[in-house]
Amino acid sequence: MIGHGNTAILEPEEQAFQVQGRLRDKFGRSITDLRVSVTDRCNYKCVYCRTGNEGAQYTELSIEDYLRMVRVFVSLGVEKVRLTGGEPLLRSGLVSMLRELAEMRTAFMPDGSFAGGNGAPLDIALTTNGHLLEGLAQPLKDAGLNRVTVSMDAVDAETFSAITRVPRSYEKVLAGIRKARAVGLGPVKVNCVLLRGFNDGQIEQFAEFSRQEGVIVRFIEWMPLEEDRSWKRESVVSMDEIVERLNAYRPLVELAPHAASETAKRFTFDDGLGEIGIIAPVSRPFCGHCSRVRLTSDGKIRTCLFSQSDHDLYGEMLRGGTDEELAAYIRKTVMRKEARHHIGEPGFEKPSRSMVHIGG
């Protein structure tokens with residue numbers, strides 16, 4: 001992109017993508033997945049995230065503002081919306097927001113196609129730490145939520161409390177997972193960030209948990225997104241190590257991915273019981289198929305978890321931007337999406353925000 005005065009002029013390569021109806025970046029990747037942080041507040045202080053002294057900014061917009069921005073993204077072909085935080089279940093108005101999102105399933109695109117693109121309804125998901133999930137699972141389901149992912153980094157109470165730094169919380173999360181399954185918010189996924197020296201001894205226990213509880217367990221390599229910048233490569237438990245440990249527990253069988261943009265390598269065991277996913281952004285980056293962008297709780301677009309800058313969509317709204325102008329801003333921003341992250345490479349810079357301020 002080149003500038004002339006205050007006017008942005010697209011290069012020919014950018015123009016070719018801009019004229020297409022769907023959101024695509026300059027590398028040809030279709031952007032269909034939006035993650036929306038509805039708060040940066042959290043009731044946990046996990047050791048791999050809230051490790052510093054920054055503290056949450058407690059920046060939240062009105063539910064109406066989030067909904068307007070999401071509507072514009074959906075009009076551009078976004079098919080999946082995931083609500084995140086912080087901890088989204090702390091956010092007042094969340095259930096009513098889900099009802100509004102569910103109504104977007106019946107909204108038609110300008111070209112006459114169904115919301116979400118490809119004739120499919122909008123897929124609405126939510127990531128939570130599960131502490132408040134038991135009491136909210138049914139209202140969330142009734143409001144239109146399709147499925148839920150629970151962040152849970154241990155399957156015993158003592159280790160869980162040591163990681164979250166919140167006592168007597170494990171049983172609440174377990175009850176929330178079981179309630180989510182019971183009301184139909186499935187398949188329920190349980191995300192575990194493995195951190196050497198804290199919970200890397202729980203790989204086999206999580207495999208058993210998947211088989212017993214009927215949930216998909218996903219192990220995630222620890223990324224440099226914590227507050228105090230304490231990340232070290234040697235603290236990462238790699239995909240190869242996880243696979244080796246699981247195969248020793250019981251032989252694995254790899255499953256085919258649901259889509260090219262899927263982030264997890266999927267496995268079951270030789271008897272078909274249980275499912276394990278492994279998300280390996282450090283040892284096996286999947287940037288080439290990335291289909292997502294993020295909207296922070298203060299209304300800024302982040303094109304990658306490891307971006308060094310934000311793009312202020314909410315600021316465009318405050319300046320009186322029309323929906324068409326917001327759409328143009330989103331398209332321009334998506335064209336700047338990075339080719340990949342550079343974790344572990346010489347000169348790598350950690351992102352300008354920590355995870356709690358970006359949104360999971």
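Twelve strands make up an open sheet with mixed pairing, in the order E9-E10-E11-E8-E7-E6-E5-E4-E3-E12-E13-E14. Two strands count as paired if DSSP finds at least two bridges between them. At the edges sit strand E9 (252-255) and strand E14 (311-312), each of which pairs on one side only. Strands E12 (residues 292-295) and E13 (residues 300-302) are antiparallel partners, joined over two bridges, and here Leu295 stands opposite Ile301 in E13.

The model is a predicted one, with local features needing pLDDT of at least 70 and side-chain atom pairs counted only at pLDDT 80 or more, while totals for chains, interfaces and linings use all residues. Residues are numbered from 1 along each chain as its sequence is written, and side-chain values use heavy atoms, with hydrogens and water left out.

Taken as a whole, the chain has eleven helices and 14 strands; these are DSSP runs numbered from the N terminus (helices: H or I, at least four residues; strands: E, at least two). Of its 360 residues, 52% count as buried, where buried means under 20% relative accessible area, exposed over 50%, and partly exposed in between (1.4 Å probe, protein chains only).

Now to the core. The largest nonpolar core holds 91 residues, and Leu83, Leu101, Met152, Phe209 and Phe219 touch the most other members. Helix H2 (residues 63-75) gives the largest share of this core, eight residues. Such a core is a set of buried Ala, Val, Leu, Ile, Met, Phe, Trp, Tyr and Cys residues joined through side-chain atoms within 4.5 Å. Setting aside neighbours within four places in sequence, Phe219 has contacts (heavy atoms within 4.5 Å) that include Cys192, Leu194, Ile203, Phe206 and Ile278. Helix H7 (residues 203-213) lies across strands E7 (189-194), E8 (216-221), E10 (264-269) and E11 (275-279), and runs at about 150° to E8. That angle is taken between N-to-C directions on a scale from 0 to 180 degrees, using axes fitted to C-alpha atoms, for helices over the stretch in contact.

His131 is found in the loop between strand E5 (123-128) and helix H4 (133-143), and it counts as buried because its relative accessibility is 16%. Beyond its neighbours within four places in sequence, His131 touches Asn43, Tyr44, Ser169, Lys172 and Val173. Ala162, in helix H5 (residues 157-164), counts as partly exposed because its relative accessibility is 47%. Ala162 and Val47 are 115 residues apart in sequence, yet 8.2 Å apart in space, C-alpha to C-alpha.
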